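Visitor: I am new to protein structures. Could you take me on a close look at a single part of this one, and show me what surrounds it?

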Amino acid sequence: MKSLLWRKSEKLTAPISAIMLFIYAASTACFGIVLGKLITAISELNLDEMKMYIIWAVILQIVTFIAAYTGRGAMISYSLEKIINLKNRIFYSAMGEPRGVSVDLADFTTKINTVYNDYYLAKWKILEHFLLSLCAMAGIVYIDWIMLLVAIASSLIPMGIPFLFGKKLEKRSVKYNDASNSYLNFVTDTLRGRLEILKNDVVPIYDKKHRNENINFEETHFDNLDLQNLSRYVVELVGGGSFCILFAIGGLLVYKNRIEVGGIIACIQLFNYLINPILTISNLMNLLKGSKPIHDELTEKAKEKEKVDINSLEDLDSGNMELRNISFKYKEGHEDVVKDFSVNFKDRGKYLIVGRSGSGKSTLAKLMTGEIKPSEGNIFLNGKDLSNYSDSEALKYIQYIDQNSYLFKDTIENNITLYRDVDGGKISSLKNNLSIENLRFDDIISDELGLSGGQKSRINIARSLIKSSPIYIFDEPTAALDHETATSVMKYLLDIDKTIIIISHMNDENIIELFDEVIDLNKMKHKN
């Protein structure tokens, strides 16, 4: 509730925080002065002044509490709002990453937490402690300007510590960030493939690899924390020496009757408000330097990807695609998976691509969608080279439904609609024509639900047909289906008034006859 209240006045959060932090700093400094006056009154046995300064001290403590609580609440709210916006932009940007580009989950966990604590929040804390030190300086001037000179001279040395350790901290922070990414990638990859590890009885090998990765990561973590601690303790050591100087000069001024005994106590209290914030600022500056590369990395990732204006796309209803002398190999020196291949897919034509396993069927599909680029040759979409289309533009024209299309841990219906507003009649039509009407559409998809491969495939097909595209490429859409269901689904797909390209091992002559053209990759020639 509190967060929502702050977000209603988002534009005022920053100035509210700054104002309240200043009030907190001023009342804290005044409390130090009042404390000195109270001690002087006690030493002089002046009961009336004692009562007055006690009342003032209580009032200032209440003001300090209210200002600190309100100011820091606004400060935290403002920083969290920045993080919320940054995460939203990173998420939106990650959704637009080119196919095949992996997303770093640490962007939403460890990295974003580092940016929140050590970058956004650290900036506000620096402001808070700067205001406190500024008000403390004003309070010391009020008592005696000589004590201010001593305080400034004593506090300059700790401020130089961040410059001493800054570059090393930045380098170690980058190294720690890289090690964190490496460890997280290893754990994620290994746990996703744990069934293969179990089946092949190599758990001890991967356990040993994990131990090595874990040690390397935590050693880097230790090095980073160790340098931070060294920097902080050096600052504290220098700060302790500053107190000794202040006590010596203050004692000399009391001896010469320039200030009262309560005045030196007030100066010591105010010096605490001066030197401790400066020490804290030094440490916060180190954190800020260390977190800046991570902040810059996330900010770069958060840059908005190109938006596609559907209305600006030409021939969105036309589905012509021509592959001209296409060749492709995954690595230099390896044999071509697809070699000097040409075919012309005409608008609203029905095409079957067949071939034995390893003949390049899936590779050809990825080439046609632009997921991978041909080593040689060109692909034309409605007369325009496919390479001239952005990823998002190509996805508007071409829908590729492979056997591994992802199903979310959500209801079957939401997996199909993806929260789009879909007419109930269309959903019913898809249920019937894809033979999935027996499924409970409010069931959550999970391993425990026990969906067959064929059912999962048809859910993906239904999802793809919600949005109309000129070209559909289906990779083994009827695999794992019985003959009757496979025939029914295939006839339904071929009846769609779009360019339909189906990759299949199908050998049913009754179905094959329904295609305009069969492309046999084993022969690398067309059969009409």
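Guide: What follows is a walk along helix α4 and out to the parts around that helix.

Remember first that this is a predicted model. The protein chain has 528 residues, and 43% of them are buried. There are 16 helices and 10 strands in the chain. The accessible surface comes to about 29,000 Å², and carbon and sulfur atoms account for 56% of that area. Take contacts between residues at least 6 apart in sequence: 77% of them join residues at least 24 apart. Keep that in mind as we go.

Helix α4 covers residues 110-143. Start with Lys-111. The side chain of Lys-111 forms a salt bridge with Glu-297, at 2.7 Å from N to O. Are the two partners buried or exposed? Lys-111 has a relative accessible area of 2% and is buried. Glu-297 has 23% and is partly exposed. The cut-off explains the labels: buried means under 20%.

A network of salt bridges links Asp-104, Asp-107, Lys-111, Glu-297 and Lys-301. Another salt bridge joins Lys-303 and Glu-300, with 3.0 Å from N to O. Lys-303 is partly exposed at 49% relative accessibility. Glu-300 is partly exposed too, at 47%.

Next comes Val-115. Which residues does Val-115 touch, leaving aside its neighbours within four places in sequence? They are Ile-83, Leu-86, Tyr-120, Ile-294, His-295 and Leu-298. Val-115 also belongs to the largest nonpolar core, which has 51 residues. In that core, Leu-86, Val-115 and Leu-298 touch the most other members. Two or more residues each come from α2 (10-43), α3, α4, α5 (145-159), α8 and α9. Helix α4 gives the largest share of this core, with 14 residues. Apart from this core lies another one, of 37 residues, including Ile-416, Ile-459, Ile-511 and Phe-515.

Back to the helix, and on to rings. A pair of aromatic rings is described by the distance of the centres and the angle of the planes. The whole structure holds 11 aromatic pairs. One of them is Tyr-119 with Tyr-120, an edge-to-face pair with 5.5 Å from centre to centre and 80 degrees between the planes. Both of these tyrosines are buried.

For another arrangement, look at Tyr-183 and Phe-217. Their rings are stacked, with 5.2 Å from centre to centre and 5 degrees between the planes. Tyr-183 lies in helix α6 (residues 161-192) and Phe-217 in helix α8 (residues 203-255), so this pair ties together parts that are 34 residues apart in sequence. Tyr-183 is buried at 18% relative accessible area. Phe-217 is buried at 10%. Ring pairs also bring in Tyr-176, which forms a cluster with Tyr-183 and Phe-217.

Return to helix α4 and go on to Glu-128. The side chain of Glu-128 meets that of Arg-72 in a salt bridge, at 2.5 Å from N to O. Why does this pair tie together parts that are 56 residues apart in sequence? Because Glu-128 lies in helix α4, while Arg-72 lies in helix α3 (residues 47-95). Glu-128 counts as buried, at 5% relative accessibility. Arg-72 is partly exposed, with a relative accessible area of 31%.

Arg-72 has another partner. The charged end of Arg-72 sits over the ring of Tyr-24, 4.9 Å from the ring centre. A charge over a ring turns up elsewhere as well. The charged end of Lys-431 sits over the ring of Phe-441, 4.2 Å from its centre.

In total, the structure has 14 salt bridges.

One last stop lies in a strand. Val-343 is in strand β2 (residues 338-345). Val-343 is buried, with 3% relative accessible area. Val-343 and Glu-322 are 21 residues apart along the chain, yet their C-alpha atoms are separated by 5.9 Å.

Notes
Residues are numbered from 1 along each chain as its sequence is written. This is a predicted model: local features need pLDDT of at least 70, side-chain atom pairs count only at pLDDT 80 or more; totals for chains, interfaces and linings use all residues. Side-chain values use heavy atoms; hydrogens and water are left out. A salt bridge is a side-chain nitrogen of Lys or Arg within 4 Å of a carboxyl oxygen of Asp or Glu. Helices (H or I, at least four residues) and strands (E, at least two) are DSSP runs, numbered from the N terminus. Buried means under 20% relative accessible area, exposed over 50%, partly exposed in between (1.4 Å probe, protein chains only). Rings of Phe, Tyr and Trp (its six-membered ring) pair if their centres lie within 6.5 Å; planes under 30 degrees apart count as stacked, over 60 as edge-to-face and the rest as tilted. A charge sits over a ring if NZ of Lys or CZ of Arg is within 6 Å of the ring centre and within 35 degrees of the ring normal. Contact means heavy atoms within 4.5 Å. Accessible areas come from the Shrake-Rupley method with a 1.4 Å probe; for residues, only the protein chains shown count as cover. A nonpolar core is a set of buried Ala, Val, Leu, Ile, Met, Phe, Trp, Tyr and Cys residues joined through side-chain atoms within 4.5 Å.
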